[in-house]
Amino acid sequence: MAVTIQQLTKWKQQHRSIVCLTAWDYSLARVLDKAGVDLILVGDSLAMVGLGHANTLPVTLDEMIHHAKAVCRGVERALVVCDLPFMSYQASISQAIKAAGKVLKEAGVSAVKLEGGHPRIIDTVAELTAIGIPVMGHVGLTPQSVRILGYKQQGKTEVAANKIIDEAIALEQAGAFAIILEHIPGELAATITSKLAIPTIGIGAGNQCDGQVLVTADLLGLSASQPPFAKAYVDLTKIITDAVGDFSREVRDRTFPSESR
Ligand code: KIV
């Protein structure tokens with residue numbers, strides 16, 4: 001059965017951890033879905049791992065939609081969420097509605113994600129959910145604010161931690177159905193998780209969140225560089241390099257294709 005946003009809340013109540021990974025094309029999405037991933041995020045990390053940019057800022061709404069369409073074609077079960085990219089929603093609520101509406105209509109995803117917990121963002125989340133667009137929040141380290149925050153861990157002082165707690169609560173009250181907690185102390189993530197009825201999905205936020213997400217290129221060992229909290233479960237860079245080496249050798253010594261092929 002296809003995963004719904006209501007199912008995610010039930011899983012939180014049942015203490016059944018939610019498995020989330022990012023995807024940026026059809027083939028990867030198909031494999032992740034068949035492997036049983038619950039939630040597939042077309043993250044704006046696409047800018048870095050799929051398009052080769054130095055950060056997430058350059059990716060456009062049309063590029064996100066292009067990739068989200070491909071991901072949706074490969075998914076039968078997982079809930080697919082698409083990031084609203086930098087400057088596609090920050091200017092005004094009306095800009096956010098148009099961007100989120102376009103993503104849902106054209107890409108066919110089930111929900112959008114946007115970053116931050118500033119009152120302007122909270123108002124945007126409230127307006128989007130009021131018109132039927134499900135929203136996932138994202139607090140802590142928010143990569144679209146890299147020019148201000150860098151990639152440092154957030155919420156380390158009591159004041160900073162309380163601010164993130166308040167933002168998470170405000171996002172829930174505004175109607176968000178889940179929240180990404182990125183690169184904050186595990187204890188803070190546990191506190192937020194216990195205060196919210198909606199699920200928290202952690203990345204670099206300890207093991208007490210309701211689920212975990214990784215950028216799939218990091219998990220597969222394909223990233224040019226990866227954050228300290230990521231874990232590579234396989235070294236696909238080496239596997240691909242070896243396979244390409246084998247192919248190259250066989251092409252050069254004319255053993256591929258074999259005569260029978
Ligand atoms: O863009 C992305 O991949 C994300 C994850 C890091 C949560 O937002």
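Let's start at the ligand. One of its oxygen atoms is 3.0 Å from an N or O atom in the side chain of Asp44. Keep in mind that this is a predicted model.

Asp83 places a polar side-chain atom 3.1 Å from a ligand oxygen. For Lys113, the distance from a polar side-chain atom to an oxygen atom of the ligand is 2.9 Å. On its own, the ligand has 260 Å² of accessible area, and the protein covers 95% of that.

Where does the ligand sit? The space it takes is the largest pocket. Around the ligand we find Asp44, Asp83 and Lys113, and also Thr22, Leu41, Gly43, Ser45, His138, Glu182, Ile203 and Val215.

Now the packing. The largest nonpolar core has 62 residues. Which of them touch the most other members? Leu84, Leu181 and Ile192.

Take Leu84. Leaving out residues up to four places away in sequence, Leu84 touches Leu61, Tyr89, Ala96, Ala99, Ala100, Val103, Val112, Lys113, Leu114 and Gln144. Apart from that core lies another, of 17 residues, including Leu41, Val81, Phe177 and Ala178.

Back to the ligand, then. Lys113 is among the residues that Leu84 touches, and Lys113 is also one of the residues around the ligand.

Methods: Residues numbered from 1 in each chain as written. Predicted model: local features only at pLDDT ≥ 70, side-chain atom pairs only at ≥ 80, totals over all residues. Heavy atoms only, no water. Core = buried A, V, L, I, M, F, W, Y, C linked by side-chain atoms within 4.5 Å. Buried < 20%, exposed > 50% of the residue type's maximum accessible area, 1.4 Å probe, protein only. Contact = heavy atoms within 4.5 Å. Near = heavy atom within 4 Å. Polar contact = N/O pair within 3.5 Å; in protein donor to acceptor, adjacent residues only side chain to side chain. Areas by Shrake-Rupley, 256 points an atom, 1.4 Å probe, with all protein chains shown as cover. 1 Å grid on protein atoms, 1.4 Å probe; cavity = no way out; pocket = protein on both sides within 12 Å on 5 of 7 lines; lining within 4 Å. Sits in = over half its atoms within 2 Å of the grid points.
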